[in-house]
Amino acid sequence: MKVREIENPMKFFSIVDMCQGDVELVSRVGDCINLKSKVTQMYTLVNVFRHGYVRELELSVANPSDRELIDRSM
């Protein structure tokens, strides 16, 4: 799933934390990074959100209800 126009990374991560299943960031080369991990969230803040705004992220979301939660909240 694609998530667009992320202006508030802390809100985004709080939504990820509410998800029941796995939520992974999918890199351009197909690597999957677990966003439920606090260490990974900090890494993502530093490297992905370093400019404070992200136009688009590709996520792999295991649970369909989590997809709905992310869609409604973003």
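Reader: What makes the four strands an open sheet, and in which order do they lie?

Author: The order is 1-4-2-3, with antiparallel pairing. The edge strands are strand 1 and strand 3 (32-34), each of which pairs on one side only. Two strands count as paired if DSSP finds at least two bridges between them. Strands themselves are DSSP runs (E, at least two residues), as are helices (H or I, at least four), and both are numbered from the N terminus. From one strand to the next, the twist averages 40 degrees. Please keep in mind that this is a predicted model, where local features need pLDDT of at least 70 and side-chain atom pairs count only at pLDDT 80 or more, while totals for chains, interfaces and linings use all residues. Residues are numbered from 1 along each chain as its sequence is written, and side-chain values use heavy atoms, with hydrogens and water left out.

Reader: How do you know that strand 2 and strand 4 are joined?

Author: Three bridges join strand 2 (residues 23-26) to strand 4, and the two run antiparallel. The cut-off is at least two bridges, so the two strands count as a pair. As one example, L25 has L59 in strand 4 as its bridge partner.

Reader: Why is the contact between K2 and E56 called a salt bridge?

Author: A salt bridge is a side-chain nitrogen of Lys or Arg within 4 Å of a carboxyl oxygen of Asp or Glu. For K2 and E56 the N to O distance is 3.6 Å, so the pair meets that definition.

Reader: Which other residue forms a salt bridge with E56?

Author: That is R4, and its closest N and O atoms with E56 are 3.0 Å apart. Here too strand 1 is linked to strand 4, as R4 and E56 are 52 residues apart. K2, R4, E56 and E58 are linked in a network of salt bridges.

Reader: Why is E56 called partly exposed?

Author: Buried means under 20% relative accessible area, exposed means over 50%, and partly exposed is in between (1.4 Å probe, protein chains only). E56 has 38%, so E56 is partly exposed. K2, at 42%, is partly exposed as well, and so is R4 at 47%.

Reader: How many salt bridges does the whole structure hold?

Author: A search finds four. One of them joins K38 and D17, with the closest N and O atoms 2.6 Å apart. K38 lies in helix 2 (residues 38-47) and D17 in helix 1 (residues 9-18), so this pair ties together parts that are 21 residues apart in sequence.

Reader: Why is P64 called exposed?

Author: P64 has a relative accessible area of 54%, so P64 is exposed. P64 belongs to helix 3 (residues 64-73). P64 and G21 are 43 residues apart in sequence, and their C-alpha atoms are 9.0 Å apart in space.

Definitions and conventions:
Axes fitted to C-alpha atoms, helices over the stretch in contact; angles between N-to-C directions.
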